Amino acid sequence: MKKKLFPILIIAAILLAACGNTEEPSQAPEPAATALVEEEEIVDPANEEPASEEVFFTTADEPCKPFSLIDQSLVTPFPGLPPVTEDDWVVGPDDAVVTFLEYSEMQCPYCAQLEPSLIAVQERYPDDVRLVFRHRPFPESFHDKSILAAQALEAAGKQGKFNELKNYLFDRRAKYAENPEHAELPDDAFWGSIAKDDFDAWLEKHVVELGIETIQFFDDMYSKEIVDKVQAAADSANSLGINGTPKLFINGYEWPESQRGLEIFSIFVHLIKNQEKEYDACPPTVTQDKNYSATISTTKGDITVDLFVDNAQYAVSSFVFLAQEGWYDGLPFIATNEFALTGDPSDTGYGGPGYAYLDELNADYSSDNTGKLVTFNLGPGINGSTFFFSKTGIESLQGRTIFGEVTEGMDVVNALELRENMFDPVIDRILTVTIHEN
C-alpha cells in the first residue's frame with residue numbers, strides 16, 4: 001500500500017534486530033522491513049499488499065469519535081510484567097510520564113546499539129522519562145559470559161557504579177574500526193571475544209578506571225546474594241516468555257514499533273505527554289447558517305482566513321471549538337516551501353485533540369492551491385487539530401479536507417521561517433486565534 005505523506009514529518013529511526021536464545025544462535029536474524037523514502041512516496045515493503053478498499057475511521061454515519069494515536073499503538077499491557085520496585089536499576093524520576101523498561105544483557109550486540117538511544121532520550125527529557133534496566137541473562141552455551149557480566153553489574157551496583165559499568169561494558173564489548181575512540185585502544189581493551197576464564201582478569205584490570213574497589217567487587221560478584229539475584233532474573237524472564245534481547249517496554253506495553261532510536265522514542269514521549277491535553281468527547285457542531293472567519297496572530301504577523309462551513313462543517317466546528325478553548329495559542333510551526341503546518345501540541349505532526357472527524361472532500365480542487373487551510377489527516381477519516389497553510393510550491397490537495405482560505409496575510413505565511421521537524425529549534429508560533437462569526 002502506498003500513501004502520500006509530507007516527507008518532512010517522516011522520522012528515520014535506527015532499525016534493530018534482537019539477540020535470542022535459539023537452537024541456532026549463530027544464524028543472523030531476518031531483518032525487518034524498513035521504510036524506503038522515494039521523494040514524496042513512502043513505501044513500506046511490509047505493507048505491499050494487493051489493492052483493497054480503504055477502511056475509514058469516521059464516516060457520515062459516525063462523523064466524529066474519540067481517537068488517540070497512542071491508544072491505537074499501545075492497546076494491551078504486557079501480561080504479568082512485574083511492576084518497577086526499589087530492586088530495579090532506575091534512572092529518572094518516579095513520577096515520569098514515560099517509563100522505558102528494557103530486558104537486556106551485556107553480550108548482546110543489539111542491546112549495545114540500543115542503550116545509547118535510551119540514555120539519550122532520558123537526557124533529552126530528564127523530568128519526563130525514566131529508564132529501568134532488568135537483566136535477561138542467557139545460559140553459558142549461548143553467551144558464555146552473560147551470567148558473569150550480570151553478576152559484575154550487580155557487584156558494581158553495591159559501590160554505586162551500576163550504570164557506569166553497564167555503559168562501559170557495552171562500549172567495550174567489541175572493537176569497531178569506525179569508532180575513532182576505539183581505534184586508539186588496543187585489542188585487549190575489549191572483552192566480548194575473550195575466554196570466559198579470562199573475564200575476571202579483564203574486569204580486575206579495567207573496573208578500577210571507574211573507581212571500583214576490586215577486592216570488594218569480586219567478593220560481591222560471587223556472593224550468594226548476587227548469584228541468586230541474577231538467577232532469579234533469568235527465571236523471571238523465562239516465565240514471561242522473554243527469550244530474546246533487547247526486549248523493550250514503554251509504560252507497561254511491549255514496544256510497538258520495529259524501529260528503535262532517539263527520534264522515534266522522542267516522538268512517543270511527545271505524544272504520550274500530549275494525551276493529558278486531549279478531550280474525551282467530540283466538539284459541538286457549528287450551524288451552517290452563519291459565516292465564520294478567523295484572525296490567526298503569529299510571531300510574524302496576522303493571517304486572516306475565511307472558514308468554509310458549507311463545505312467542511314466538521315473541520316470548521318473543530319477549528320472554532322479549539323480556537324475558543326485556546327488550544328492553538330503558542331503552538332509552533334513546521335514550515336517548508338510547500339506548506340506551513342501547526343495545530344499539534346506534541347509538535348510531531350501526529351498528535352491531536354483526542355478525537356477524529358471525517359474527511360470532507362467538497363472543495364473545488366481545480367482552483368489555485370495557494371493559501372488554502374487544509375487538515376493534516378493521519379489516515380482515511382482521521383482528521384484532528386493539525387492543519388496547514390498551502391503555499392505556491394505544493395502540487396496537489398486532491399483528497400484532502402480544505403476548510404478555509406487566506407484572505408489577508410499570505411505574505412505572513414510565506415515569511416514563516418523554514419523548520420523541518422520537531423528536532424529543529426522553534427522559531428515561529430501561533431500567538432492567538434480569534435474567531436469571528438456573523
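Visitor: Which residues line the second largest cavity?

Guide: In general, on a 1 Å grid over the protein atoms alone, a cavity is a set of points where a 1.4 Å probe fits but cannot get out, and its lining residues have an atom within 4 Å of a point. In this predicted model, the second largest cavity is lined by Ser104, Glu105, Met106, Phe133, His135, Arg136, Pro137, Ser146, Ala150 and Leu153. This is a predicted model, in which local features need pLDDT of at least 70, side-chain atom pairs count only at pLDDT 80 or more, and totals for chains, interfaces and linings use all residues. Residues are numbered from 1 along each chain as its sequence is written, and side-chain values use heavy atoms, with hydrogens and water left out.

Visitor: How much space lies in the second largest cavity?

Guide: A volume is the space filled by probe spheres set on the grid points, which are joined across faces, edges and corners. For the second largest cavity that space is about 50 Å³.

Visitor: Which element gives the most to the lining of the second largest cavity?

Guide: Elements here are DSSP runs numbered from the N terminus: helices (H or I, at least four residues) and strands (E, at least two). Helix α3 gives the most, with 3 residues. Both β8 (129-135) and α3 (146-158) supply at least two residues of that lining.

Visitor: How do the residues of that lining divide into nonpolar, polar and charged?

Guide: Ala, Val, Leu, Ile, Met, Phe, Trp, Tyr, Cys and Pro count as nonpolar, Asp, Glu, Lys and Arg as charged, and the others, Gly among them, as polar. The lining of the second largest cavity has 5 nonpolar, 3 polar and 2 charged residues.

Visitor: What about the largest cavity: which residues lie nearest its centre?

Guide: Those are Phe67, Tyr350, Gly351, Gly352 and Leu378, out of 21 lining residues. Two or more lining residues come from each of α1 (69-73), α9 (262-274) and β16 (355-357). The space in the largest cavity is about 130 Å³, and its lining divides into 11 nonpolar, 9 polar and 1 charged. A search of the whole structure finds 4 cavities of 30 Å³ or more.

Visitor: Is lysine 145 buried or exposed?

Guide: Buried means under 20% relative accessible area, exposed over 50%, and partly exposed in between, with a 1.4 Å probe and protein chains only. Lysine 145 has a relative accessible area of 1%, so it is buried. You will find lysine 145 in the loop between β8 and α3. Counting contact as heavy atoms within 4.5 Å, and leaving out residues up to four places away in sequence, lysine 145 touches Gln107, Trp191, Gly192, Ile194, Ala195, Lys196 and Phe199.

Visitor: How should I describe two helices that pack together, such as α3 and α4?

Guide: Two packed helices are described by the angle between their axes and the distance between the axes. Axes are lines fitted to C-alpha atoms, for helices over the stretch in contact, and angles run from 0 to 180 degrees between N-to-C directions. The axes of α3 and α4 come within 7 Å and cross at roughly 145°. Ala152, Leu153, Glu154, Ala156 and Gly157 of α3 meet Phe162, Leu165, Lys166 and Leu169 of α4.

Visitor: What is the strand order of the open sheet of 5 strands?

Guide: Two strands pair if DSSP finds at least two bridges between them. The order is β6-β8-β7-β10-β11, and the pairing is mixed. At the edges, β6 (89-91) and β11 (253-254) each pair on one side only. Strands β7 (98-104) and β10 (247-250) run antiparallel and are joined by 4 bridges; glutamate 102 stands opposite leucine 248 in β10. Helix α4 (162-171) lies across β6, β7 and β8, at about 70° to β8.

Visitor: Which strands stand at the edges of the sheet of 8 strands?

Guide: That open, antiparallel sheet has the order β14-β15-β18-β17-β19-β13-β12-β20. Its edges are β14 (334-335) and β20 (430-437), each with a single partner strand, so one side of each is left without a neighbour in the sheet. Strands β13 (301-307) and β19 (402-408) pair over 4 bridges in the antiparallel sense, and aspartate 306 has glutamate 405 in β19 as its bridge partner.

Note on methods: On a 1 Å grid over the protein atoms alone, a cavity is a set of points where a 1.4 Å probe fits but cannot get out, and a pocket is an open set with protein on both sides within 12 Å along at least five of seven lines; lining residues have an atom within 4 Å of a point.
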